[in-house]
Amino acid sequence: MSGRAQLMWDEAVTGYDFGPDHPMAPVRLELTRKLVAALGLDRELEIVAAKPAGESTLRLVHREDYIDAVRTASADPRAADGSYGLGTVDDPAFVGMHEVSALIAGQSVAAAEAVWRGDADHAVNFAGGLHHAMPGGASGFCVYNDAALAIARLLELGVERVAYVDVDVHHGDGVQAAFWEDPRVLTVSLHEHPRTLFPATGWPQETGAGAGEGSAVNVALPAGTGDAGWLRAFHAVVPELLAEFRPQVLVSQHGADTHFEDPLAHLAVSLDAQRAVQVACHELAHTHADGKWLALGGGGYAVVDVVPRSWTHLVGIAAGREIAPETVIPEGWRQEVYARTRQLGPQRMTDGRWPVSWASWESGYDPADRLDQAVLATRRAAFPLRGLLA
């Protein structure tokens, strides 16, 4: 169905559930899906439920022994092997863990295939973006790295250049690790500084190795960075890199945990700035990747106020029907929120900061400013490796 966007959705993804006390509450997925429908976006989308990723697909990124360990823990959580990051506080084992993790991965892989083959212009899997999972272990609430698997599948299909842009508050360490020495994949991550946040990686000096030297780019943002600084950093780094790299597909990860209400991090970004970056990624895909865009979810632990609105904006942008920030949220959805969570849902699709203003890098920089220091560190470490001026 060329010319339309695909939304990857299978209700079974809500089975990705580490338990009632875990911050990665699956209700965030359910509420997002219901808000997408409540705002009438289903009419603009092809809703696709793809098959779980099979063994051969999972092995594009993950080691066989790790997949076996996930299967074992999935069948009997008491048998989880902590040496693989399973059965830990961050990644508790649960029955069916392998099956639902493979399902989420399968949605992202199928979305990547659809975009590359022209079955869809854009595709969204907001259940995906599980960017911390490593080839041989679970990490940071992530069991299988669907983002890395989607990229690996694109390479298998013959794509020569894939750009991955990650704006989650946490460093996209698992995707970076998967393609550390691969010049066909450019990974760009904007995240809170590793001094103050998990996973303590993503320093500007992490730029790739071997043939992939210069293919990893990291912007380590100071804690407390707000809308203007976040957008300034994004636009000071990402567009220039994509223009040089000329990706054939853009994969972006839109963790909503940069938000000022998120309980697990320390940035101060609004929903409106998140929307602005989503719009920018859409435009960059059309400018540099012939419109081929796969957008993923990720972190986000303000599961009522932030995540559903942020990812619904993402879906609307991909579908070609942007939701205006001032849009009033349907009362039926707010009633559903209260019924499910006993919390009052937000009333509008904005935090009241639209349009968001920021100063471009071309207008000059202040070497004494902490945000500008972070951007300068990234440009000086990575840009010359790509033949760009720092």
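The following legends describe views of a predicted protein model.

**Figure 1. Overall fold and dimensions of the predicted model.** The protein contains 11 helices and eight strands. Along the principal axes, its C-alpha atoms fill a box of roughly 55 × 50 × 40 Å.

**Figure 2. Burial and contacts within the protein.** Of the 390 residues, 61% are buried. Among contacts with a separation of 6 or more, 77% are accounted for by residues 24 or more positions apart.

**Figure 3. Surface and charge of the protein.** The accessible surface amounts to about 14000 Å². Carbon and sulfur atoms contribute 49% of this surface. The side chains include 30 positive and 50 negative ones. A distance of 3 Å separates the centres of these two sets.

Figure 4. Helix H11 spans residues 370–382 and includes Asp 372. Is Asp 372 buried or exposed? Its relative accessibility is 4%, so Asp 372 counts as buried, the cut-off for burial being under 20%.

**Figure 5. Close-up of the contacts of Asp 372.** Neighbours within four places in sequence are left aside in this view of Asp 372. The remaining residues in contact with Asp 372 are Arg 232, Trp 361, Tyr 365 and Asp 366.

Methods:
Residues are numbered from 1 along each chain as its sequence is written. This is a predicted model: local features need pLDDT of at least 70, side-chain atom pairs count only at pLDDT 80 or more; totals for chains, interfaces and linings use all residues. Side-chain values use heavy atoms; hydrogens and water are left out. Helices (H or I, at least four residues) and strands (E, at least two) are DSSP runs, numbered from the N terminus. Buried means under 20% relative accessible area, exposed over 50%, partly exposed in between (1.4 Å probe, protein chains only). Contact means heavy atoms within 4.5 Å. Accessible areas come from the Shrake-Rupley method with a 1.4 Å probe; for residues, only the protein chains shown count as cover. Lys and Arg count as positive and Asp and Glu as negative; His and the chain ends are not counted. The place of a charge is taken as NZ of Lys, CZ of Arg, CG of Asp or CD of Glu.
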